[in-house]
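Here is my note on the structure you sent. Please read it with the model open.

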Amino acid sequence: MTATVAAVLTGGLLLGACGGGSDGDGDDGSRGRKTSPSAEASPSTGGWDTRPDSIAAVGDSITRGFDACSVLSDCPEVSWATGTDPATRSLAVRLLDEPAGHTWNFAETGALTADLPAQMERAAAREPELVTVMTGGNDACRPSVDAMTPVDDFRADFARGLRTLREKQPRAQVYVASVPDLKRLWSEGRKNEAARQVWKLGICQSMLRDAEATGAAAEERRQQVQDRVVAYNEVLEEVCAEDRRCRYDGGAVFAYRFTGDELSKWDWFHPGKQGQRTLARLAYGRITAP
């Protein structure tokens with residue numbers, strides 16, 4: 001394994017998505033636009049604005065479009081949050097009349113939730129109306145179960161990230177996606193021989209190591225990772241609920257059952273272009289809900 005492969009694979013990560021495309025989710029080619037002040041809540045009055053005019057994204061490799069376009073590479077143009085690829089129909093494309101100059105992607109491949117405050121600092125400087133957050137995957141996807149981020153530390157890091165944003169942008173809205181079901185991703189990807197070989201290079205070893213093993217030790221290890229992801233999602237929901245301008249996805253990303261067609265053809269773990277489109281659809285539905 002080359003140094004480049006090791007560095008990128010140990011930092012890369014996961015995926016998520018949900019929802020169907022029909023009336024109201026923007027997947028029919030239409031884009032919901034602001035109509036009149038009475039049509040929706042105004043940020044100045046403390047209500048939720050379903051049509052924000054600018055978006056900043058923070059998080060990890062999923063939001064960077066890692067492995068969606070080519071092997072071991074970010075592809076932000078297909079990012080579910082801020083991408084410009086027409087086929088992906090990102091959140092920015094669905095929400096904004098003019099995405100160019102009104103979207104910023106501060107996510108980083110390999111980022112942990114401990115990196116969130118620094119990302120929020122950069123995002124706040126752009127004064128966005130909406131900040132999307134997808135974090136926690138790398139905290140669970142570690143070289144071993146023992147190396148996973150403790151739940152209390154995860155809570156402190158996420159809360160500190162939100163406080164950092166609030167200190168600079170108290171009116172910014174925040175959309176928080178749940179951590180994907182890593183065990184489900186293992187279950188889907190392990191059917192593919194090529195996937196099992198790629199995983200041996202170092203992707204999410206806490207979950208994906210010995211992908212074909214079915215013994216008690218392997219099952220217990222995977223369940224420990226699963227339990228940690230569930231705990232992280234509880235933290236995301238609880239901390240977001242304490243912020244009146246924050247919306248959690250209700251666990252929709254975690255609940256979504258990905259298929260092989262939605263996964264990267266290079267690592268069978270990150271979302272491919274279709275998976276990114278699904279994520280965008282999910283986010284749009286939650287953000288534009290009354």
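This is a predicted model: local features need pLDDT of at least 70, side-chain atom pairs count only at pLDDT 80 or more; totals for chains, interfaces and linings use all residues.

The points below go from the sheet to the helices and the cores.

1. Sheet layout. The sheet is open and has 5 strands, in the order β2-β1-β3-β4-β5. The pairing is parallel. β2 (103-105) and β5 (246-248) are the edge strands; each has a single partner, so one side of each is left without a neighbour in the sheet. On average, neighbouring strands are turned by 15 degrees against each other, direction ignored.

2. Partners of β1. With β2, the strand pairs in the parallel sense over 3 bridges. There I55 stands opposite T103. With β3, β1 also runs parallel, and 5 bridges join the two. A56 has V131 as its bridge partner in β3.

3. The β4-β5 side. β4 (residues 173-177) pairs with β5 over 3 bridges, in the parallel sense. V174 stands opposite C246 of β5.

4. Helices on the sheet. α6 (residues 151-168) lies across β3 (130-134) and β4, at about 160 degrees to β4. α10 (residues 216-241) lies across β4 and β5, at about 150 degrees to β5.

5. Helix against helix. How do α7 and α10 pack? The angle between α7 (residues 182-189) and α10 is about 135 degrees, and their axes are 8 Å apart. The two helices are therefore oblique to each other. On the α7 side, the contact uses L182, K183 and W186. On the α10 side, these meet E219, R222, Q223, V225, Q226 and V229. By class, the contact has 4 nonpolar, 2 polar and 3 charged residues.

6. Cores. In soluble globular proteins, nonpolar side chains tend to be buried together. Here the largest nonpolar core holds 49 residues. V133, V176, L182 and F269 touch the most other members. α10 supplies the largest share, 7 residues. Another core, of 22 residues, lies apart from this one; A81, L130, V253 and L279 are among its members.

7. V176 in detail. What does V176 touch, leaving out residues up to four places away in sequence? The contacts are V133, F158, L236, C240, C246, R247, Y248 and D249. V176 is also one of the residues that touch the most other members of the largest core.

How values were computed: Residues are numbered from 1 along each chain as its sequence is written. Side-chain values use heavy atoms; hydrogens and water are left out. Two strands pair if DSSP finds at least two bridges between them. Helices (H or I, at least four residues) and strands (E, at least two) are DSSP runs, numbered from the N terminus. Axes are lines fitted to C-alpha atoms, for helices over the stretch in contact, and angles run from 0 to 180 degrees between N-to-C directions. Contact means heavy atoms within 4.5 Å. A nonpolar core is a set of buried Ala, Val, Leu, Ile, Met, Phe, Trp, Tyr and Cys residues joined through side-chain atoms within 4.5 Å. Buried means under 20% relative accessible area, exposed over 50%, partly exposed in between (1.4 Å probe, protein chains only). Angles under 35 degrees count as roughly parallel, over 145 as roughly antiparallel, 65 to 115 as roughly perpendicular and the rest as oblique. Ala, Val, Leu, Ile, Met, Phe, Trp, Tyr, Cys and Pro count as nonpolar, Asp, Glu, Lys and Arg as charged, and the others, Gly among them, as polar.
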